[in-house]
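Hi everyone, thanks for having me. Could we put my chain up on the screen?

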Amino acid sequence: MALRNAVMAALLEGEASGYDLAKGFDATVANFWMSTPQQLYRELERMEAEGLVTARVVEQERRPNKRLFSLTEAGREAVYAYTAEPLGKPAVIRDELLVKVQCLDAGDIEAVRKSITERMEWATAKLARYEKLRQRLLDGRSEEVYFAEAERIGPYLTLVRGMSFERENLQWGDMALRRLDQRAAVPRANG
């Protein structure tokens, strides 16, 4: 998947500045696509040159002018075409924590334990942010009412997937820490 597809997905919410998109990425599409602000701005420039987005300048007092981007008709057609494409191979996991866990028997177990704990803290914080976003999307409605009334349901579905991912991170971390504790409690024979 190209960054442009994630940008177009974010712009389906409406007009946004590059800054707003970068900030919004953390709260919306970050659960499935990461990008630096520099990558995002470069992609917006390319997309504008290709006619997928248009930008209008908003003059501001005491601040630099900002550009608000929105999808063009060609951009909306590109979104449609993208969703019709067959999926590529499933994403691969590239996770430094898992490499450290793989090495823990020959490494610093306490440092790995600390890394697992930090990952769990990060997952807990992300879940809290995601839950706030979920409550904002639901706006007091049940999920059933939301799905019946909402103009767009894709953001909610991806949010729920992100929440599930972070819950799984917590479940795995809890299991891994328990197993490390179990292992530490059993005397090991020296090879």
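This is a predicted model: local features need pLDDT of at least 70, side-chain atom pairs count only at pLDDT 80 or more; totals for chains, interfaces and linings use all residues.

Residues are numbered from 1 along each chain as its sequence is written, and side-chain values use heavy atoms, with hydrogens and water left out.

So, what's in the chain? Eight helices and three strands, where helices (H or I, at least four residues) and strands (E, at least two) are DSSP runs numbered from the N terminus. In sequence order, the pattern reads α-β-α-α-β-β-α-α-α-α-α. The radius of gyration is 21 Å, well over the 16 Å that the globule rule gives for 191 residues, so the chain is more spread out than a compact globule. That radius is taken over C-alpha atoms, and the rule is 2.2 Å times the number of residues to the power 0.38. Along its principal axes, the C-alpha trace spans about 70 × 45 × 40 Å.

What about burial? Of the 191 residues, 28% are buried, meaning under 20% relative accessible area with a 1.4 Å probe, protein chains only.

Now for that arginine. R134 sits in helix α6, residues 109-138. Is R134 buried or exposed? It's buried, with a relative accessible area of 19%. Leaving out residues up to four places away in sequence, R134 touches E143, Y156, L159 and M163, where contact means heavy atoms within 4.5 Å.

Technical notes
Buried means under 20% relative accessible area, exposed over 50%, partly exposed in between (1.4 Å probe, protein chains only).
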